[in-house]
Amino acid sequence: MIENFPFYLSLIVAIVLLVMLANKIKVAYPVLLVIAGLLISFIPGVPAMKIDPELIFIIFLPPLLYEAAWSISWKELWKWRRIIGSFAFVVVFLTAMSVAFVANYFIPGFSLALGFLLGGIVSPPDAVSAGAILKFVKVPKRMASILEGESLLNDASSLIILRFAMVAVATGQFIWHEAVFSFSWMVVGGVGIGLLIGWIFMKIHKNLPTDANMDTILTIVAPYIMYIAAEEVHSSGVLSVVSGGLLLSNHRHRILSASSRLRGINVWQSFAFVLNGLVFLLIGLDLPEITSGLEGVSLSAAIGYGLLITGVLIVVRLLSAYGAVIITLIARNYIRVADTRSPGFKAPIIMGWTGMRGVVSLAAALSIPTQLYPGGPDFPQRNLILFITFIVILTTLLVQGLTLPFLIRKVNMPSFDDYLSDEEADEVIRKMMAKHTLEYLTEHYGDILEKSPFLRSIHSKWKEKIDDESNIQVSPEVKLAYLDVLNQQRLLLIDQNHHKEFDEDLIRKHMMRIDLEEERIKYAH
């Protein structure tokens, strides 16, 4: 390990350089990192990389899920909960079943249980890949939110399928009532444990004398505790991290100081950047290990099986996307749906084409034991499953990842007008905050307002930027008054976040401006 440290350090540098190149040539960085990993693996003398699935599931997955849960809009997640739930659970299950039947029919030696195992491994699309690609193209907010929400939950459903399929392969039987009970416990237990641990961390943040450094460390520790605690009692660690992360994210402005929020954002952005870069580079670097274990089947046949399964995944997702539209059009006659307007036949094309697979699929394949049980026979078709998974990841990243931006531009998606434009909403929010600030100042600090030039300048500050605020003297009394005003603005934004016309991302930008202003005024003289 120590002797390879310079190599690992060079990988970090390579990730930074490759992401810079990806941004320059407008290519999603996961695609470039996987290709680079493949090329590096062929260089003579490069240390052999062996991905430990526990490394992915314990070290990488919890913080990446947690960061995604903090980034997603809870308002959007709840608004599109039905379609997100259907893609994260129903579509994943249908995909796994489709792969099971195709593999059983076309791949020699594959039973339905093995096919279902393979389906559980390759069924969840990778959110990081889609997110990186969507940065370069403009898609409606609703579509980005659905993809983000789906990615938070589909890893859990696929890993649940994987666990059941492993039992079926090892025992040769599948007991439905036990499976239903186990599935219920994984979902309910995972969500419950995540919420419980999230609530404990809320109390720690809110009631103990923590500072910005302590708060940031606690946010890094939290996802690992949530994941490990849930897995120890055989429930879903993924759902635990997601539910706990959403709970803490939704209360961030009540439990964390402005300083903690600002510093935490910087730390988490860097942390997630390194983790995402490493996992995609490791996919390419792991090629020698995957191909070396391929025995009993020719390389060309194995590639053909991989392409066949990739085709099944793409077709099933496209059909599911169109099926979701049809079901929504029918359901709107009987229940309340998020939007009664028809999305047409453009949106399903994009939804269906955003099915790039990633490192969770590879880690799931690597987690298959080499033997059915200790001292028993070899696990059937393990090496072929690994190779097919690698082909699926590589093909979807290269084919769908490189063509998705072109497809989005070609389809010319409608805007749907879910929210006011950023310019309109920004103007409405600024005027609303200025009016609210004036009313609050006049009502609660009228006597100080008459004596303080600083507070009198706040009104004009919201109409136009003050030329030079740094020269204004701020007494402790005025500072407390202004901090209270900023907190009232924050509470106003929290309340306005429930309104349909405002995009939560824009609300968060204004929240950050308030946090920055609070930090500035704290250190004013």
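Which residues in α1 meet which residues in α13? On the α1 side they are Leu11, Ile12, Ile15, Val16, Leu18 and Val19, and on the α13 side Phe273, Val274, Gly277, Leu278, Leu281 and Leu285. Contact here means heavy atoms within 4.5 Å. The residues of this contact divide into 11 nonpolar, one polar and no charged. In that count Ala, Val, Leu, Ile, Met, Phe, Trp, Tyr, Cys and Pro are nonpolar, Asp, Glu, Lys and Arg are charged, and the others, Gly among them, are polar.

This is a predicted model, in which local features need pLDDT of at least 70 and side-chain atom pairs count only at pLDDT 80 or more, while totals for chains, interfaces and linings use all residues. Residues are numbered from 1 along each chain as its sequence is written, and side-chain values use heavy atoms, with hydrogens and water left out.

The protein chain has 23 helices and zero strands. Helices (H or I, at least four residues) and strands (E, at least two) are DSSP runs, numbered from the N terminus. Of the 525 residues in the protein chain, 52% are buried. Buried means under 20% relative accessible area, exposed over 50%, and partly exposed in between, with a 1.4 Å probe and protein chains only. Among contacts between residues at least 6 apart in sequence, 83% join residues at least 24 apart.

Helix α1 (residues 5–25) and helix α13 (residues 258–285) pack at an angle of about 100°, with their axes 10 Å apart. The axes are lines fitted to C-alpha atoms, for helices over the stretch in contact, and angles run from 0 to 180 degrees between N-to-C directions. That makes α1 roughly perpendicular to α13. The label covers 65 to 115 degrees; angles under 35 count as roughly parallel, over 145 as roughly antiparallel and the rest as oblique. Leu281, one of the α13 residues in this contact, also has its C-alpha atom 8.1 Å from that of isoleucine 35, 246 residues apart along the chain. Isoleucine 35 lies in helix α2 (residues 29–41) and, at 31% relative accessibility, counts as partly exposed.

Charged pairs come next. Side chains of opposite charge can pair when their charged atoms come close. The structure holds two salt bridges, a salt bridge being a side-chain nitrogen of Lys or Arg within 4 Å of a carboxyl oxygen of Asp or Glu. In one, arginine 317 pairs with glutamate 150, the closest N and O atoms being 2.9 Å apart. This pair links distant parts of the chain, 167 residues apart: arginine 317 is in helix α15 (residues 299–331) and glutamate 150 in helix α8 (residues 141–171). Arginine 317 is buried because its relative accessibility is 4%, and glutamate 150 is buried at 2%.

Arginine 163 and glutamate 231 form a salt bridge with closest N and O atoms 3.2 Å apart. Arginine 163 lies in helix α8 and glutamate 231 in helix α10 (residues 212–232), so the pair ties together parts that are 68 residues apart in sequence. Arginine 163 is partly exposed at 28% relative accessibility, and glutamate 231 is partly exposed with a relative accessible area of 28%.

Helix α10 also holds threonine 216, which is buried at 8% relative accessible area. Not counting residues up to four places away in sequence, threonine 216 touches Ser260, Arg263, Gly264 and Val267. Histidine 234 has a positive phi of about 65° although it is not a glycine, and at 56% relative accessibility it counts as exposed.

Aromatic rings complete the picture. Rings of Phe, Tyr and Trp (its six-membered ring) pair if their centres lie within 6.5 Å; planes under 30 degrees apart count as stacked, over 60 as edge-to-face and the rest as tilted. By this rule the count comes to five aromatic pairs. Phenylalanine 93 and phenylalanine 116 form an edge-to-face pair, 6.0 Å centre to centre with 80° between the planes. Phenylalanine 93 lies in helix α5 (residues 81–106) and phenylalanine 116 in helix α6 (residues 112–122), so the pair ties together parts that are 23 residues apart in sequence. Phenylalanine 93 is partly exposed at 39%, whereas phenylalanine 116 is buried at 15%. Tyr66, Trp70, Trp268 and Phe271 form one aromatic cluster.
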